[in-house]
Amino acid sequence: MGSLFRSEEMALCQLFLQSEAAYACVSELGELGLVQFRDLNPDVNAFQRKFVNEVRRCDEMERKLRYLEKEIKKDGIPMLDTGESPEAPQPREMIDLEATFEKLENELREVNQNAEALKRNFLELTELKHILRKTQVFFDEQEGGVNQTTESMTRALITDEARTAGASMGPVQLGFVAGVILRERLPAFERMLWRACRGNVFLRQAMIETPLEDPTNGDQVHKSVFIIFFQGDQLKTRVKKICEGFRATLYPCPEAPADRREMAMGVMTRIEDLNTVLGQTQDHRHRVLVAAAKNLKNWFVKVRKIKAIYHTLNLFNLDVTQKCLIAECWVPLLDIETIQLALRRGTERSGSSVPPILNRMQTFKNPPTYNRTNKFTKAFQALIDAYGVASYREMNPAPYTIITFPFLFAVMFGDLGHGAIMALFGLWMIRKEKGLAAQKTDNEIWNIFFGGRYIIFLMGVFSMYTGLIYNDIFSKSLNIFGSHWHLSYNKSTVMENKFLQLSPKGDYEGAPYPFGMDPIWQVAGANKIIFHNAYKMKISIIFGVIHMIFGVVMSWHNHTYFRNRISLLYEFIPQLVFLLLLFFYMVLLMFIKWIKFAATNNKPYSEACAPSILITFIDMVLFNTPKPPPENCETYMFMGQHFIQVLFVLVAVGCIPVMLLAKPLLIMQARKQANVQPIAGATSDAEAGGVSNGGSHGGGGGHEEEEELSEIFIHQSIHTIEYVLGSVSHTASYLRLWALSLAHAQLAEVLWTMVLSIGLKQEGPVGGIVLTCVFAFWAILTVGILVLMEGLSAFLHTLRLHWVEFQSKFYKGQGYAFQPFSFDAIIENGAAAAEE
């Protein structure tokens with residue numbers, strides 16, 4: 001059948017590579033992406049493996065590349081991405097790459113250090129410039145006639161003893177310090193000065209209007225200039241300690257005006273020189289980063305490929321001569337020739353004369369599951385794998401899900417308008433998939449939508465089809481073929497009566513509508529919901545029973561493929577008979593009722609004589625005698641119905657002990673006959689859940705230990721009870737198709753009636769404005785609620801129907817995925833991890 005319906009046949013192979021050719025051969029296999037290597041050194045520490053030094057060198061190169069990438073992003077330089085994947089470099093090229101990265105890192109770090117030092121000097125000069133400017137104002141005030149203030153300040157800062165000494169020694173000179181402090185620290189700084197110095201200091205401060213750049217992290221900070229006057233060396237020491245504690249920067253400030261002017265001129269000259277040097281430094285840094293940005297993506301790819309190759313080589317074993325590497329790997333059976341060609345190419349590249357050897361091994365290990373997918377089937381396969389990866393060579397539900405999933409979704413979401421919106425959105429993503437795939441984003445919701453673009457498109461198309469069947473477009477109907485109903489209502493009757501009812505007696509022509517639902521049901525307010533309710537409920541049960549039967553039939557393919565005669569005879573056949581005789585018979589009764597009973601018929605097959613399918617089914621299971629029918633009506637729908645129903649129930653009930661006891665008893669009998677280990681064909685199936693693998697399928701199979709008979713009986717009891725009770729609950733579970741379909745239709749009708757119809761009733765120019773606003777609001781609610789929220793609800797319910805009701809009939813999902821050594825996957829995962 002191929003990998004579309006089953007996973008690929010896998011083979012466990014032993015690979016012998018010459019040491020000189022191992023690197024090139026593994027590189028070719030990484031480009032191919034079809035080989036999953038096994039770790040032959042599980043007990044060896046990662047730091048004790050042969051190629052650990054090469055892996056460390058790759059880690060160091062990757063660290064340097066991440067540093068370059070961070071600096072490039074900091075400067076906003078675009079990185080060139082051609083989309084091409086260069087080949088893995090040869091081992092000797094690692095030295096050149098290391099030297100290149102070392103040179104770039106050292107040069108960039110040196111440039112950054114120089115730039116940081118220059119920026120720090122620039123900051124200091126800028127702060128000193130502001131200090132000289134702001135303090136000049138303070139000194140000008142003192143010299144310009146504000147002597148009274150200065151004298152009072154001086155008197156306040158001089159103690160009594162200093163005054164006495166000053167009277168004999170002359171005038172007392174105040175000392176001062178000037179500096180810069182962060183603006184948010186200034187209030188606390190001022191309080192600390194006042195408390196620590198007991199009010200014996202005088203603080204003047206002024207804000208620096210323009211923010212300054214912090215050279216450490218590049219942030220913009222706001223600072224203020226301050227000058228503190230004090231008297232005495234003791235206060236000077238205390239003030240400097242407080243400034244140090246608040247990380248205030250102190251600068252020298254001359255007392256003489258001429259010295260201050262001279263210093264200010266020197267500061268301005270140095271600032272101009274620093275600006276020139278800083279510009280040249282930034283230009284050099286930019287040139288280095290631009291040159292690195294052109295090759296950064298390719299360098300990342302090369303380093304990750306080298307690292308992946310050496311990491312894979314660490315999984316190999318060395319023979320005693322140290323000249324040959326031995327590996328074990330899972331490979332798809334159909335790709336062995338392709339893998340051998342890749343190994344030959346690697347050997348030729350390395351210049352080795354010894355060809356590699358690929359031997360297929362016989363093993364009892366369980367092979368991995370590999371389902372080939374393309375961009376269309378990948379999303380559907382992901383839905384299945386989210387439940388559980390298929391066991392090896394188990395029937396794959398994904399191909400059937402491509403049809404059943406969007407169809408069951410559409411049964412719940414059937415609306416031509418809403419389906420068109422969803423289909424157009426999916427089609428837009430499909431048409432633009434190359435550009436959208438190149439625009440990698442961290443938005444998880446968008447990644448989910450884009451990954452499921454084909455699912456969204458199919459769900460929209462199928463919803464358009466079911467919308468035509470329901471004749472429902474934004475809660476209205478399309479009048480394509482006219483109507484097959486002829487009503488005798490006049491205009492006044494239609495306009496004055498809020499609810500009208502359709503009667504099949506006389507109003508209906510008797511001919512079915514060409515396609516879908518007759519649009520006349522749109523005006524039948526009285527019995528429209530009753531008709532749709534009965535119609536959708538019955539088709540939900542019909543689709544559900546057919547879906548479950550199809551799932552049981554899938555289990556037949558598993559049993560026949562693995563030659564499990566016991567499971568085929570004593571599981572599949574009783575399960576199918578049980579489902580057919582009870583639930584499929586109920587479906588047949590629905591069709592019989594639709595065909596035989598009509599409103600236009602005379603008794604005994606008139607509408608009044610039509611029996612209830614649900615009551616009939618309950619009476620059938622409980623062996624109840626049906627209630628007497630109305631006068632001139634028949635009790636049963638066809639001849640011999642009572643006998644057939646009793647027979648069906650007895651046979652269905654008789655299938656239960658067969659499912660429960662037959663398989664464990666046969667296994668017990670086989671063990672007694674063998675008197676040793678159980679035979680593989682009979683026992684391994686019961687122990688492995690119905691999917692065993694023989695050595696003929698890919699050279700591998702399941703080999704389970706002998707299971708206790710008590711556990712076999714318990715497992716079979718659980719499986720039987722789950723199936724019997726599940727058949728009832730699963731059939732009822734499909735009624736969600738009916739419930740969500742009605743809810744979606746009614747919600748669309750409520751939205752039309754309570755929102756859009758308000759705008760349609762308005763007239764004149766004002767009505768146009770009102771209609772535009774109302775339509776915008778209606779469109780937002782339609783997309784947000786009816787398409788997104790209702791679509792998500794229907795999607796989740798459809799997913800449940802497939803995982804529980806359908807796949808439980810045949811799908812175990814107890815395997816593990818095939819994870820080949822692939823450069824594409826490694827680079828993609830590495831890029832995603834780097835972005836995070």
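This report walks through the predicted model, from the whole chain down to single residues.

**Overall build**

The chain holds 27 helices and 11 strands. Its radius of gyration is 42 Å, well over the 28 Å that the globule rule gives for 836 residues, so the chain is more spread out than a compact globule. The C-alpha trace spans about 140 × 95 × 50 Å along its principal axes. Of the 836 residues, 45% count as buried. The chain exposes about 44100 Å², and carbon and sulfur atoms supply 59% of that area.

Among contacts with a separation of 6 or more, 81% join residues 24 or more positions apart.

**Helix α11 and its partner α26**

Helix α11 covers residues 377-387, and helix α26 covers residues 764-806. Their axes come within 11 Å and cross at roughly 65°. The crossing is right-handed. On the α11 side, the contact is made by Leu383, Ala386 and Tyr387. On the α26 side, Phe795, Leu799 and Trp803 take part. By type, the contact residues divide into 6 nonpolar, no polar and no charged.

The buried residues of α11 are Thr377, Ala379, Phe380, Gln381, Leu383 and Ile384.

Gln381 counts as buried because its relative accessible area is 7%, and the cut-off is under 20%. Leaving out residues up to four places away in sequence, Gln381 touches Asn371, Thr373, Asn396 and Ala398.

Arg393 is found in the loop between α11 and α12. Its phi is positive, about 65°, although Arg393 is not a glycine. At 7% relative accessibility, Arg393 counts as buried.

Which residues does Asn558 contact, leaving aside its neighbours within four places in sequence? Arg393 is one of them, together with Arg6, Glu394, Met395 and Phe810. Asn558 itself sits in helix α19 (residues 528-561). Asn558 is buried, at 2% relative accessibility.

**Cys655**

Cys655 is found in helix α22 (residues 641-674). Is Cys655 buried or exposed? It is buried, with a relative accessible area of 9%. Its contacts, not counting residues up to four places away in sequence, are Pro574, Val577 and Phe578. Cys655 and Tyr310 are 345 residues apart in sequence, and their C-alpha atoms are 58 Å apart in space.

**Loop backbone details**

The peptide bond from Lys603 to Pro604 is cis, with omega near 15°. Pro604 lies in the loop between α20 (565-596) and α21 (613-622).

Phe623 is found in the loop between α21 and α22. Its phi is near 60°, a positive value in a residue other than glycine. Phe623 is partly exposed.

**Accessibility of the residues discussed**

| Residue | Relative accessible area | Class |
|---|---|---|
| Asn558 | 2% | buried |
| Gln381 | 7% | buried |
| Arg393 | 7% | buried |
| Cys655 | 9% | buried |
| Phe623 | 43% | partly exposed |

Terms used. Residues numbered from 1 in each chain as written. Predicted model: local features only at pLDDT ≥ 70, side-chain atom pairs only at ≥ 80, totals over all residues. Heavy atoms only, no water. Axes fitted to C-alpha atoms, helices over the stretch in contact; angles between N-to-C directions. Helix = DSSP H or I, 4+ residues; strand = E, 2+ residues; numbered from the N terminus. Left-handed = near helix turned anticlockwise from the far one by under 90°. Contact = heavy atoms within 4.5 Å. Nonpolar A, V, L, I, M, F, W, Y, C, P; charged D, E, K, R; others polar. Rg over C-alpha atoms; globule rule 2.2 N^0.38 Å. Buried < 20%, exposed > 50% of the residue type's maximum accessible area, 1.4 Å probe, protein only. Areas by Shrake-Rupley, 256 points an atom, 1.4 Å probe, with all protein chains shown as cover.
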